[in-house]
Amino acid sequence: MTADLLTHVLRQGDRALVLSHRLAQWITHAPTLEEDVALANISLDLLGQARHLFTYAGEIEGKGHDEDHFAYWRDAAEFRNPLLVEQPNGDFAVTIARQVFHDQAALLYWESMTESTDATLAALAARARNETAFHLQHSAGWLIRLGDGTDESQRRAQAGVDAMWPFTLELLGADDEGALRADGLIGGSIETAWRAAVAGTLLEAGLRTPTEAHQRAGGIHGTHSEHLEPLLEEMQQLARAHPGASW
Amino acid sequence: MNQAHFDALIEADERIEPDDWMPDDYRNALVRQIAQHAHSEIIGMQPEGEWITRAPSLRRKAILTAKVQDEAGHGLYLYGAAESLGTPRSELLDRLHTKTQKYSSIFNYPTPEWADIGAIGWLVDGAAIMNQVPLCRCSYGPYGRAMVRICKEESFHQRQGYQIMLSLSQGTPEQQAMAQRALDRWWWPSIMMFGPPDSDSPNTGRSMAWGIKRFTNDELRQNFVDATVPQAELLGLTPPDNALVWNAERGHYDFGEPDWDEFARMVRGEGEIPDVRIGVRRAAHDEGDWVRKAAAAYAGKRDARSAA
């Protein structure tokens, strides 16, 4: 059970860290200064969630590892984030589509986790749920603006949705967490609620919900796309050049 | 009448507000100064932003992200203050992108090592605070009020930068050497941030009379050196100036003459970095064009729907 819980917490922490990192890559490149501020803000919230989750992972694991150990000293194959969040930023529409899919899943996840029998996760969920509600307001608001904006923005928004759709099934829960569910540590499936909510957003944006195309998965089991390794290499390079140093 | 009212407000050290009459020269001098300040904030995001993805701990990554985010926010307040003088943000960004307006040349120095992030916070933000605190009393209300908020945030940044330097200087020999290299790189550029010597600063007299500027370049430079040298000592680091010595008679540090030829080259925008900085800005702006158009089109449709 401890091993299952550790895996679950790392899946969530890695998801938050990797997406935080992707959003940070937008800073100084965003379409407006307001978006530089907004994307940095969401990136910071996710980073904060990741830090809490990694600290808790260290406690569960019991080997004295701190938050930085999990971020800087594991290789790609040890990361357990879903493939969606490691996908490159693409244009603003790709980033927004990725974010809507993620935020909707994260919101449902954290809402369910407020009732977790794990007190640490339940406490974190209470805060993360509120943060995520704001993130979804931002991302869904943009998807609707892009979908209902100009011809070009609608075309790009649909292309973003189509490009990110194959990575969505993996967001909706793992197939190996039955024991955690049975003990009330995590909640039930979010799939039905996610599909309904995302279909509603896409409808409002005037965008087509993709039909069940070929789905890609594996990140939550450590099998990643080619995009995670370069991301980690950049992130970890300096820390790994100075083992044992404190900053 | 208008001129007399303006002169009386300046004389009484009161604020000029957007709707008050003001001389064209005053308005133009302010737009120029506020725009250059705003441009400096958003260009200054780049050398530091490059390190967010490489920060060596999650705590440092969070602090640096928040700092760069603050700088974008400062850009927003300042462009807002300039707009209140009748010049829209889009126009000022065009002037930045076409290099017809400048930003602080301090951001044309490279940041090859993590310690540069510490040195920028400690020295560059420290110098910026010295320059900017007097601007909180600027005669133009919106600028002065924006500066109050900006200075509060800058002083956090300065402390955070110093903390980076402190961690490095108490760290491994490699980290200590990295900290000294960063001080060597950033000392003189920071000293030059106060601008040319008073004897060679054509706008100072008028800006002081109008209450846009409160201290001369050389006065601020001396304050900076006096405040910073003891901080360097505390870090066990040595500023790269052989002439630096405490002068008990003056009650100030004496220090060497900066390389004003280098300053002039930097102000002229020589070297490769200015093109990189403007290139990044222009690319962000150009690639964001369809997004801004989409937002405008959506807002138009929504207004039309709610009017119907």
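1. Between chain A and chain B, 15 residue pairs are in polar contact, both residues being at pLDDT 80 or more. A polar contact is a pair of N or O atoms within 3.5 Å; within protein, one must be able to donate a hydrogen and the other to accept it, and residues adjacent in sequence count only if both atoms are side-chain atoms. The model is predicted: local features need pLDDT of at least 70 and side-chain atom pairs count only at pLDDT 80 or more, whereas totals for chains, interfaces and linings use all residues. Residues are numbered from 1 along each chain as its sequence is written.

2. The rule finds 3 salt bridges across this interface, a salt bridge being a side-chain nitrogen of Lys or Arg within 4 Å of a carboxyl oxygen of Asp or Glu. A:Asp148 forms a salt bridge with B:Arg305, with the closest N and O atoms 3.2 Å apart.

3. In contact terms (heavy atoms within 4.5 Å), 45 residues of chain A meet 45 residues of chain B. The two chains bury about 3,900 Å² between them, 69% of it on carbon and sulfur atoms; buried area is the accessible area (1.4 Å probe) lost on putting two parts together, summed over both. A:Thr28, A:Leu33 and A:Trp247 supply 20% of the area that chain A buries against chain B, more than any other three residues.

4. A:Arg98 is buried yet has no salt bridge, and the nearest side chain of opposite charge, A:Asp103, is 8.8 Å away. Buried here means under 20% relative accessible area (1.4 Å probe, protein chains only); Lys and Arg count as positive, Asp and Glu as negative, with His and the chain ends not counted.

Key. Chains are lettered from A and ligands numbered from 1 in the order in which they are written. Side-chain values use heavy atoms; hydrogens and water are left out. Buried means under 20% relative accessible area, exposed over 50%, partly exposed in between (1.4 Å probe, protein chains only).
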